[in-house]
Amino acid sequence: MDMLKQIREMGDAAIDAIAIPASNKTTAGGAVTGILGWLASVNWLGVSGVLIALVGLIVNIYFQWRRDRRERTESAARMAALRDRCGL
């Protein structure tokens with residue numbers, strides 16, 4: 001049972017490792033599109049760029065939150081194992 005949990009956590013880490021950089025690039029691409037649309041005075045392009053940047057930002061925040069939660073759990077488990085080993 002413990003092995004299945006480890007495999008699931010590895011899958012989550014892999015998804016996060018792919019999703020975080022992808023959402024960063026989406027945010028940057030949307031921001032660039034929004035700026036170019038604003039400079040070119042093309043309203044729909046500027047608005048779509050801002051919307052794409054916001055979606056990328058929201059996805060990025062979600063996956064960063066997941067990674068932080070997973071790392072916090074892993075850290076607590078490591079600290080508990082160290083305390084058990086040291087007899088504290």
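These legends accompany several close-up views of a predicted model.

View 1. Of the 88 residues in the protein chain, 18% count as buried. The chain exposes about 6,800 Å², and carbon and sulfur atoms supply 69% of that area. Take contacts between residues at least 6 apart in sequence: 62% of them join residues at least 24 apart.

**View 2. A nonpolar surface patch of about 530 Å².** Six names to look for here are V47, V50, L51, L54, L57 and I61, which make up the patch. One of them, V50, has its place in helix 2, which covers residues 43-86. V50 counts as partly exposed because its relative accessibility is 45%, between the 20% and 50% limits.

**View 3. The salt bridge between D68 and R72.** The structure holds two salt bridges, and this view shows the pair D68 and R72, whose side chains meet at 2.6 Å, N to O. Both residues lie in helix 2, four residues apart, or about one turn of the helix. D68 is partly exposed, its relative accessible area being 37%.

**View 4. The salt bridge between R70 and E74.** Here the closest N and O atoms are 3.9 Å apart, and the cut-off for a salt bridge is 4 Å. R70 and E74 also sit in helix 2, with a spacing of four residues, about one turn of the helix. E74, at 32% relative accessible area, is partly exposed.

Key. Residues numbered from 1 in each chain as written. Predicted model: local features only at pLDDT ≥ 70, side-chain atom pairs only at ≥ 80, totals over all residues. Heavy atoms only, no water. Buried < 20%, exposed > 50% of the residue type's maximum accessible area, 1.4 Å probe, protein only. Contact = heavy atoms within 4.5 Å. Areas by Shrake-Rupley, 256 points an atom, 1.4 Å probe, with all protein chains shown as cover. Patch = residues over 30% accessible without salt bridge, like charges linked within 9 Å, V, L, I, M, F, W, Y side chains within 5 Å. Helix = DSSP H or I, 4+ residues; strand = E, 2+ residues; numbered from the N terminus.
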